[in-house]
Amino acid sequence: MHYSRSAVRNICKIADMRAATSKIRFRYLPAYTVWQHALIIALLVLATPGLMLQAGPVQSQTANTLQLGDAVAIAIEGNPGLAEMQARAEAMAAIPSQAGALPDPMLTLGAINFPTDTFNRDQEAMTQLQIGIEQSLPFPGKRGLKERAAEIDADAAASNVDEARLRLIQNVKQTWWQIYYIDRALEIVSRNQDLLRQFVQIAQTKYKVGEGLQQDVLLAQVELSKLFDSEIKLQGLRQQQVPRLNALLDRPTSMPVQLPAQIDEDLVGMLPELQLFTRAETVRPLLEQKRLEVEAARTRRDFAKRDIYPDFKLGAAYGFRDGDNPDGSSRADFATIRLGISLPLYAGRKQDKAVDQRTSELLQKQNALQDEWGKVQADISAALTDYHRASKQVDLFKTGIIPQARQSVASMLSGYQVNKVDFLNLVRAQITLYNFETQYWNALTEANQALARLAAAVGEELINE
């Protein structure tokens with residue numbers, strides 16, 4: 001990091017004012033040049049509260065900045081997985097009317113009682129050409145039960161779409177926040193790299209004039225190398241998360257993602273756990289889907305019980321005859337009506353077994369509902385616990401640990417100037433501050449990710465007090 005002459009003068013003025021306020025006294029070191037002295041003052045200024053957050057590179061807010069709300073809206077509108085489930089639900093919505101409709105009638109054509117010696121229509125009185133129609137008629141109530149089961153399946157599919165939408169929103173939020181944390185961590189790493197470079201320069205200067213140790217220079221270089229390693233790892237993590245977010249948004253995986261540099265860091269209070277349970281039981285699409293599956297299984301069991309009753313087949317036909325009767329009159333045409341009834345002769349091996357099958361399926365769906373409700377409660381409890389824990393950490397880092405760590409760095413830096421603090425403790429203090437700032441953003445990210453999981457577990461966004 002390089003400073004112009006005017007920048008150095010301004011930094012010196014700020015440092016002098018801060019020193020006067022905090023009762024810190026600086027002693028001019030004759031062995032240093034003016035530029036070296038200004039460099040030390042610049043470090044002290046950068047290490048003091050109020051300037052640390054502005055010392056690193058800051059992303060500019062542009063039209064291409066991807067806000068969290070925009071990412072969620074894009075995903076809901078264009079995610080192919082969600083669109084696939086929506087299309088499936090729409091397809092299933094067209095099934096109930098089909099399930100409840102009568103079977104298609106059958107048109108029949110026949111040539112009846114033709115003599116095989118001549119195939120003459122006039123030869124025999126019973127010879128006729130016949131046209132008819134047949135209609136199958138299920139036992140009353142069967143069609144209604146089949147249609148009702150299909151309607152419930154369609155409603156369950158719609159609830160499944162709502163559940164998929166919740167999961168999609170959760171994944172988008174969690175991935176977005178992970179990238180945001182990585183960006184803040186990279187920002188902190190960059191800022192600390194600049195500081196450690198200047199620590200190296202200070203250590204080298206003091207070593208050259210005989211007031212420092214070579215091991216101080218090596219120590220600073222080692223810590224700087226560690227920061228380079230951290231930067232490489234963080235960049236690798238970002239390169240993993242960006243394609244994942246782009247896939248959720250149905251965008252090219254190589255498309256750059258730029259997140260805002262500043263956000264609202266305030267965290268909201270949550271409703272009590274029991275109230276969240278009550279809300280989830282009412283609005284969570286997954287639970288509604290499981291309840292509908294139970295109802296559909298019960299309807300199919302009722303159909304299986306009714307299926308033991310016979311079905312009917314009603315038919316009518318008209319036969320055309322040629323030729324004359326013995327008295328010379330024309331032969332009359334024939335009209336035929338038929339009624340068929342199915343006989344459940346194998347009910348013990350067929351219909352009764354179907355009832356047993358549907359009863360077991362109903363029990364399975366009831367157990368699945370109970371099991372899913374227990375998982376939902378566990379998810380809510382876990383997410384709420386994580387949120388409260390991370391929220392407390394955010395408050396502790398923001399109001400206590402980080403301000404104290406910054407004061408410690410400023411104090412050690414001023415002490416190092418006058419050889420009252422060794423270089424190792426100064427570097428350790430700066431690295432500790434770096435770790436605390438990184439942990440703050442990690443805690444804030446974990447709190448918001450837990451909030452995303454909590455909203456998905458409950459089934460709605462409005463879960464705060």
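User: Which residue in β3 stands opposite Q135?

Analyst: The model is a predicted one. Strand β2 (residues 128-137) and strand β3 (residues 312-320) pair in the antiparallel sense, over nine bridges. Opposite Q135, the residue in β3 is L314.

User: Which strands stand at the edges of the open sheet?

Analyst: Four strands form this sheet, with antiparallel pairing, in the order β1-β2-β3-β4. A strand at the edge has a single partner strand, so one of its sides is left without a neighbour in the sheet. The edge strands are β1 (106-112) and β4 (334-341).

User: Are the rings of W176 and Y180 stacked or edge-to-face?

Analyst: W176 and Y180 both lie in helix α7 (residues 142-208), four residues apart, about one turn of the helix. Their ring centres are 5.5 Å apart and their planes are at 10°. Planes under 30 degrees apart count as stacked, so the pair W176 and Y180 is stacked.

User: What is the arrangement of the rings of W177 and Y180?

Analyst: W177 and Y180 are three residues apart in helix α7. Their ring centres lie 5.6 Å apart, with the planes at 75°. Planes over 60 degrees apart count as edge-to-face, so the pair W177 and Y180 is edge-to-face.

User: Is Y180 buried or exposed?

Analyst: Buried means under 20% relative accessible area. Y180 has 1% relative accessibility, so Y180 counts as buried.

User: How are α9 and α10 oriented to each other?

Analyst: Helix α9 (residues 273-283) and helix α10 (residues 285-306) pack with their axes 6 Å apart, at an angle of about 50°. The two helices α9 and α10 are therefore oblique.

Conventions. Residues are numbered from 1 along each chain as its sequence is written. This is a predicted model: local features need pLDDT of at least 70, side-chain atom pairs count only at pLDDT 80 or more; totals for chains, interfaces and linings use all residues. Side-chain values use heavy atoms; hydrogens and water are left out. Axes are lines fitted to C-alpha atoms, for helices over the stretch in contact, and angles run from 0 to 180 degrees between N-to-C directions. Angles under 35 degrees count as roughly parallel, over 145 as roughly antiparallel, 65 to 115 as roughly perpendicular and the rest as oblique. Two strands pair if DSSP finds at least two bridges between them. Rings of Phe, Tyr and Trp (its six-membered ring) pair if their centres lie within 6.5 Å; planes under 30 degrees apart count as stacked, over 60 as edge-to-face and the rest as tilted. Buried means under 20% relative accessible area, exposed over 50%, partly exposed in between (1.4 Å probe, protein chains only).
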